[in-house]
Amino acid sequence: MTGAANDRSGGTDKAASFPSEREWRSLPSPWSDELDKTNDEAPRPQSADAEEKPFADRVIRARREERAIDHELRSLDRTLSPEALRRLAAPTPSAGFAARAAHRVDEQRRKHWAEALARNVAREPSPEFVTRTLDAIASTPPGDSAYPRSGRPLHAAPRSRTPAWGLLSAAAAASLWFALTDRAPPPLELRIADQSPAMAAYADAPSPMAAILAAIADEEEPHATVTAPADGVWLHGEARRPR
Amino acid sequence: MSEHGQGKTPRKTIVALFMASACAIALPAQQHASPVHALLQALDERFVKGDVAGYLARFAPDNDGAVAMLGRRLERQIRASRRRERATRILAGPTPIGDRALVHVRRDISLISGSGEVRRWVEDSYLVIRHDGTQATPTMSVEATSVTAPAPAERLRCGPCNYQIGGVDSFFCVPTRREEALALGAASFYLAGADVACDLHVQLAASGEPARAAALRFADALARLEPTASTGLATDWLPPAHVEVPPAGIDGARVVVELPRENAAGSGDRAAFHVVTYGGLQYVMMTRGDADALDAHRLDLDALYRSFELLDLDRGPKAAATAAIYHYLGGRFDDDRYENHRYGVTFVGPTGWEPQHCVSGAAFRARWSSRDGSRVWLTGYTPPSGHRAWTEQAADRWLLHLLQDKGLEPVEPQPADLPSTWRRDSAGDRERTIVLLDRDPDSLTAPRRRLVHLQLRADLLLILDGYGAAPSSEQAVLTAKASLRRAH
């Protein structure tokens, strides 16, 4: 049963097998009417290859077309001499053109990502399902709950302890590792500093605030060649490296 | 016994008594100082040997982050040298602070490369120690700026930036070097004996940005660096000193970020951003540390927040910022013209573009933006720590990495009318101009072509970096470049 079927049945109370990963990937995107339509009307492909093919084909075709356009544009660049280009005065963009264009690009990217991600995330339960679940919880008399705070039924058979033991063993091994090697998890300051460029003077700053300010500056001025001063130790170390 | 001898005996006694009393007076200080001297010597020896693990093993950390960052700094210094020398001397202390003692030390460091090149550093640090009987155990060490600062337990007062803070029991103040702070001014307040710290950074306030939005901007930036972070809601917050009678134009906000990833204490960390904007300046306090320790020391932190106070409450919307910029960075705008009196730099930006001061950790930085998205940045960098002067080699080394990092490559061949290799300009300064292309021709947002101009004198490296979104803007960048002057 697919997620769409779950929605149509009004919830997850019916015995239904959870969709496989491949089935999830073939789910229609909730934001794309076109895709929904295609999926509803077209017969569902049977084999894995057949299932992947239309999407893969579309992507490959789109990439091919994009490359062809890029190729044409580059050859056009070579054909036009710099002198010819210089004679062409670029029109003055209208006020807010850059902002509008950047916004449009962002919107398109967001939409495409949302569509792509929607194929890989579980759907939300239907409103009917949520209502019935809440009603069921509300109708249970206090103190008569079959489910304690742990969430496991009191009368249910005890769960296998294997995963718990596995987790406990892993935790014990980690503790032993830290105890024997005297290694603690890296502190926040170090984790943040490790993401800083080694050549930046703030890379060893005791406070993570500089790395936060640098991250903001990079976002606000993504095209500045240099945003932070050079680190003296790094520059000295670079002098030792053969050129 | 001779007369002479008889005469000597009382004199000897007097001398002996004098020495004994002098020793008695000096003894308490020595009892503290001797173990500290021994500790400093032992740490210097470990550094010279390149034994970072042994160095850090002497510490019983109060603040794991500070000790980890010390280890990172030591490792980088050791990796960057074949041999090392270091001598540490006490500038002040040990001074009792809480149940710890604070020692202000100065370290003379020499890093010697395989070719014999020597770089000399002077590093000031605050060392927190715990006295265990006759032994001194370090619990924290934080690097500070070498610029004269008030005693660490005293109140930090900055007239140009219009604020004061500190002077609170158990907190000590460590002023931060500007290139490590990326701010007009910055200082960290550490609570002795606990994993609790508060960093204060003074920035230029973004025009019209509410404090709540600014607080969330900081929290979001932290969350991008630390993916497990969980950002709370931004709420209004004003420094307690200004709650009753808020000065006109003040705005403040607070946001808490939970960092649930397990730390050495077995719990998670927490960070809280307190943002105050006034007079064109933005005061950002980032409180950080172990979540349990922050809860346990809430009253101490409240006392620190209460100590924050704006000094002049009659400043105009941008008055504080203008004064602070002029004091710390030395620059001001007169229409398109930028003048920096401290470094003798003058530059006329492209006509009609919007000029703006920036704070970046550099000696100064200014930016011009056009409506079509073109930009010019003019930045001055003093020699990096350990370098007495800028050299062409050092500037090139840095530039090479910057270009690689940004995906830029020089145009081949470079335009004949620009000095792509180092040459002396008419004023005798060395200069170099490079036209660069973005390596990714398909990039949607990055400028395809740009110009980087370097002007070098021993005390300052000037970098003019710009691009034009249209040919006319590109020409404006070139014209502006020609106006860059530095007085002798």
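The following legends describe close-up views of a predicted model.

**View 1. The helices of chain A.** Chain A contains eleven helices and zero strands. Along the sequence, its elements follow the pattern α-α-α-α-α-α-α-α-α-α-α. Of the 243 residues in chain A, 16% are buried. When contacts in chain A between residues at least 6 apart in sequence are considered, 50% of them join residues at least 24 apart.

**View 2. The side of chain B that touches chain A.** In this view, 72 residues of chain B are in contact with 52 residues of chain A. On the chain B side, helix α3 (residues 64-79) gives the most, contributing ten residues. Sorted by class, the side of chain B that touches chain A comprises 30 nonpolar, 25 charged and 17 polar residues.

**View 3. A sheet of four strands in chain B.** Strands of chain B form an open sheet in the order β16-β17-β18-β27, and their pairing is antiparallel. The edges of this sheet are strand β16 (331-334) and strand β27 (485-486) of chain B, each of which pairs on one side only. In general, the strands of a sheet pair through backbone hydrogen bonds, in either a parallel or an antiparallel sense.

**View 4. The pairing of β16 and β17 in chain B.** Edge strand β16 of chain B pairs with strand β17 (residues 337-340) of chain B in the antiparallel sense, over four bridges. Within this part of the sheet, B:Arg332 has B:Glu339 in β17(B) as its bridge partner.

Key: Residues numbered from 1 in each chain as written. Chains lettered and ligands numbered in written order. Predicted model: local features only at pLDDT ≥ 70, side-chain atom pairs only at ≥ 80, totals over all residues. Helix = DSSP H or I, 4+ residues; strand = E, 2+ residues; numbered from the N terminus. Buried ≥ 20, exposed ≤ 12 C-beta atoms within 10 Å, placed from the backbone. Contact = placed C-beta atoms within 7 Å. Nonpolar A, V, L, I, M, F, W, Y, C, P; charged D, E, K, R; others polar. Pairing = 2+ DSSP bridges.
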